[in-house]
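Here is a short report on a protein model.

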Amino acid sequence: QVQLVESGGGLVQAGGSLRLSCAASGTIFSINAMGWYRQAPGKQRELVAVITDRGRTNYADSVKGRFIISADPAKNTVYLQMNTLKPEDTGVYYCNAELRSRPWDRAFEVWGQGTLVTVAS
């Protein structure tokens with residue numbers, strides 16, 4: 001069984017910064033990719049940023065140049081540094097991982113419980 005635990009959300013003024021963390025724990029053989037999604041009130045969940053096991057990153061256009069995703073493979077942890085935050089960045093941020101528990105397993109996805117980010121104007 002694998003769990004993702006997020007931390008770092010909160011209330012911040014527009015223009016400010018926050019850093020989210022997500023640690024994966026449990027039976028983990030390998031992690032293919034980890035990423036962050038967000039869901040604003042009344043909207044669908046959307047991709048914010050993802051990083052692969054080879055360090056390749058991908059960002060939503062709305063956060064390019066402001067957010068930075070990074071990972072510490074030794075700790076099975078992914079981070080999201082969010083700078084120059086805007087009110088439209090408000091939402092619940094969910095961590096996601098695609099991983100395998102054992103070498104012979106198929107890769108599967110795991111989601112965190114979500115952490116709320118509120119950006120005040």
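Ser 101 sits in the loop between strand 9 (91-100) and strand 10 (108-111). Strands here are DSSP runs of E with at least two residues, numbered from the N terminus. The model is predicted: local features need pLDDT of at least 70, side-chain atom pairs count only at pLDDT 80 or more, and totals for chains, interfaces and linings use all residues. Residues are numbered from 1 along each chain as its sequence is written, and side-chain values use heavy atoms, with hydrogens and water left out.

**The loop residue**

Ser 101 counts as buried because its relative accessibility is 11%. Buried means under 20% relative accessible area, exposed means over 50%, and partly exposed lies in between (1.4 Å probe, protein chains only). The Ser 101 side chain reaches the backbone oxygen of Thr 27 at 2.9 Å. Leaving out residues up to four places away in sequence, Ser 101 touches Val 2, Thr 27, Ile 28, Phe 29 and Phe 108. Contact means heavy atoms within 4.5 Å.

**Aromatic rings and a charge**

The structure holds 1 aromatic pair. Its members are Tyr 37 and Trp 111, with ring centres 5.0 Å apart and planes at 65 degrees, so the pair is edge-to-face. Rings of Phe, Tyr and Trp (its six-membered ring) pair if their centres lie within 6.5 Å; planes under 30 degrees apart count as stacked, over 60 as edge-to-face and the rest as tilted. Tyr 37 lies in strand 4 (residues 30-39) and Trp 111 in strand 10, so the pair ties together parts that are 74 residues apart in sequence. Tyr 37 is partly exposed at 23% relative accessibility. Trp 111 is partly exposed too, at 35%.

Arg 45 also meets the ring of Trp 111: its charged end sits over that ring, 4.7 Å from the centre. Arg 45 lies over the face of Tyr 94 as well, at 3.7 Å from the ring centre. A charge sits over a ring if NZ of Lys or CZ of Arg is within 6 Å of the ring centre and within 35 degrees of the ring normal.

An open sheet is formed by 4 strands in the order 1-3-8-7, with antiparallel pairing. Strand 1 (2-7) and strand 7 (67-72) stand at the edges with a single partner strand each, so one side of each has no neighbour in the sheet. Neighbouring strands are turned by 15 degrees against each other on average, direction ignored. Two strands pair if DSSP finds at least two bridges between them.

Strand 3 (residues 18-26) joins strand 8 (residues 77-82) through 6 bridges, running antiparallel. Strand 7 and strand 8 also pair in the antiparallel sense over 6 bridges. The table gives residues that face each other across these pairings.

| Residue | Opposite residue in strand 8 |
|---|---|
| Arg 19 | Gln 81 |
| Ser 21 | Tyr 79 |

How many residues of strand 8 are buried? The count is 5 of the 6, so strand 8 is largely enclosed by the rest of the structure.

Definitions and conventions:
A polar contact is a pair of N or O atoms within 3.5 Å; within protein, one must be able to donate a hydrogen and the other to accept it, and residues adjacent in sequence count only if both atoms are side-chain atoms. Axes are lines fitted to C-alpha atoms, for helices over the stretch in contact, and angles run from 0 to 180 degrees between N-to-C directions.
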